[in-house]
Amino acid sequence: MLLLFHTLNSGMTLIDLKSNKESCSHPLGKLTSYITNDGSISLRSSYFRESFHSSHGAKTEALEKFIYPAELNRFLEIKKVNVLDVCLGLGYNSACLLEAITDTPIHLSWWGLEIDQRPLKNALKSRSFKESWSNTVLKILKSIDISGQWETTQSDGKIIWGDARQKLALIPKSTNFDLILHDAFSPRKCPQLWSEEFLYRLAEKLAPNGRLITYSTSAAIRGSLKRSGLLLHSIIPINEERSKWSSGTIGIRPIQEKNSYTHSSYSRALSKMEEEHLLTSAGIPYRDPSGYSNTEEILNWRELEQKNNDLESTSSWKKRWEHT
């Protein structure tokens, strides 16, 4: 095994950079582990040429972009929450969620979608990852890995391994979600899970006042969520991300066309700048009508559509707002 420590420009430190003998047929390719700035472990996919998390921290990202905006206190009175985790990965989002409801009356019913079991397996081999969670949460993560399901007095869950586009249909039609955590690789790298068709199907699975939460601020993604009937809010950047105009997006299923969601310390209504972003060529969606298209096909269709439209260019939009 070749061990190499090297600090990247992004601030991440790669570890355990070894010759990977695993077949490239794996959907995520070779996986390389690294330590993020908050000390939590993450992975990089050779297939997508992208990391699972931002450099400032895998666990920090899960909390700031998914768990805090979920505002779990909303469920203390009804004492239950149904959650769908799209792209479980190493399990940070759901593990943080499970820790957050510990010592509360909230019962969690959980479904997960993930194409590759190796990220969770790799995480569970890491001492630092295992030390990040309580024994209860760690036991649940191990159950997901071994049997694909778990059940305790406070929570129950089941994961479906495979392409989320097809596997979503295996979740019972009667099951709707209060929270959908959408954490796929970026739209340019994995447009299959950001297509207008897939996002529409996710939006259909939201319960009234349910929230779809994602780190993406893409105009294409926000536009698709809006056309799916969701009300959009922007996640307010905190800590190291304060210089950004947004840290993510919340799509809310309105109750009888009335938005019961109010401003919070974690999110706000889209600004005029963000609303206008949706009207530029960047807002043209990713399309995958069959649900089986590959990355190249989806990107080519979008590029062609972007070349043949009369919408304002993204560069023009940026220029109008760069001094405001």
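**View 1. K189 in the predicted model is partly exposed.** Its relative accessible area is 34%; partly exposed lies between buried, under 20%, and exposed, over 50% (1.4 Å probe, protein chains only). K189 sits in the loop between β10 (177–182) and α7 (196–204). Helices (H or I, at least four residues) and strands (E, at least two) are DSSP runs, numbered from the N terminus.

**View 2. A patch of positive charge on the surface includes K189.** R44, R49 and R188 gather there with K189. Patch residues have over 30% relative accessible area and no salt bridge, and like charges are joined within 9 Å. Lys and Arg count as positive; His and the chain ends are not counted. Each charge is placed at NZ of Lys or CZ of Arg.

**View 3. Helix α2 (residues 92–101) is largely enclosed by the rest of the structure.** The reason is burial, because eight of its 10 residues are buried. They are Y92, N93, S94, A95, C96, L97, L98 and I101. Just after α2, D103 takes a positive phi of about 65°.

**View 4. The whole protein has 11 helices and 14 strands.** Of its 324 residues, 52% count as buried.

**Notes.** Residues are numbered from 1 along each chain as its sequence is written. In this predicted model, local features need pLDDT of at least 70, side-chain atom pairs count only at pLDDT 80 or more, and totals for chains, interfaces and linings use all residues; side-chain values use heavy atoms, leaving out hydrogens and water.

Methods: Patch = residues over 30% accessible without salt bridge, like charges linked within 9 Å, V, L, I, M, F, W, Y side chains within 5 Å. Areas by Shrake-Rupley, 256 points an atom, 1.4 Å probe, with all protein chains shown as cover. Salt bridge = Lys/Arg side-chain N within 4 Å of Asp/Glu carboxyl O.
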